[in-house]
Amino acid sequence: MASNPIRRQTSHNLTKMGEDKLFKAHLENGSVARALESLKGDMGKVSEGMFYAWLHESDERWDRWQRHLKVVAHVLADESLRIVDETEDNPRGVASARLRAEQRRWLAERYNKKDFSVKADTTIVGINLADDYMTALKRVEDKRKEEDAIDAEYVVVEDESQEVEDGTDSS
């Protein structure tokens, strides 16, 4: 239990209100802040931080909250579909509906990752360009060495132009 009197009183008020009523208010209002605001008359002002601290006081309560969020995720997904289906065909209406539907889809993904998150293909392909470059460089050097090492047969050719000048014909 919380040590500070305000926290103790808030925790008492939330417990007295009951999880069912709090979770139902959250489902109806779409956010913790609006749910707490709607219940302000019954239990006084409660901040979102105090609400989450109260949720974490008990592991069982936190687990029930997580299960509640999974239900909320399905409600949000249905609501986003309804928003898109009921949108007017004008640029302003489409942009607004898209933003509202995307926000609900984003929340649904966070609340229920198993059912709503988009799984990216994370195939890892390793490319080592350094190895390819070094192999190609080695091939070029080997080829250059082969060209330099070609055995050539040297043939000594006497200068025929001198014989022609002397007036002798070798044929």
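Predicted model: local features only at pLDDT ≥ 70, side-chain atom pairs only at ≥ 80, totals over all residues.
**Entry 1: aromatic pairs.** I looked up the ring pairs and found five in the structure. I started with phenylalanine 51 and tyrosine 52, which make an edge-to-face pair. I noted the label follows because edge-to-face calls for planes over 60 degrees apart.

Entry 2: Tyrosine 52 is partly exposed, with a relative accessible area of 32%.

**Entry 3: a second partner.** Phenylalanine 51 also pairs with tryptophan 54. I read 5.9 Å centre to centre and 35 degrees between the planes, a tilted pair. Where do phenylalanine 51 and tryptophan 54 lie? Both are in helix 5, residues 48-56. They sit three residues apart, about one turn of the helix. Tryptophan 54 has a relative accessible area of 2%, so I logged tryptophan 54 as buried.

**Entry 4: the cluster.** Which residues do they link into a cluster? My list reads Phe23, Phe51, Tyr52, Trp54 and Trp65.

**Entry 5: a charged patch.** I turned to the surface. Glu141, Asp142, Glu146, Glu147 and Asp148 form a negative patch there. I picked out glutamate 146, which belongs to helix 9, residues 129-148. Its relative accessible area is 58%. I logged glutamate 146 as exposed, because the cut-off for exposed is over 50%.

Technical notes: Residues numbered from 1 in each chain as written. Heavy atoms only, no water. Phe/Tyr/Trp six-rings, centres within 6.5 Å; stacked < 30°, edge-to-face > 60°. Buried < 20%, exposed > 50% of the residue type's maximum accessible area, 1.4 Å probe, protein only. Helix = DSSP H or I, 4+ residues; strand = E, 2+ residues; numbered from the N terminus. Patch = residues over 30% accessible without salt bridge, like charges linked within 9 Å, V, L, I, M, F, W, Y side chains within 5 Å. Areas by Shrake-Rupley, 256 points an atom, 1.4 Å probe, with all protein chains shown as cover. Salt bridge = Lys/Arg side-chain N within 4 Å of Asp/Glu carboxyl O. Lys, Arg positive; Asp, Glu negative; His and termini not counted. Charge placed at Lys NZ, Arg CZ, Asp CG, Glu CD.
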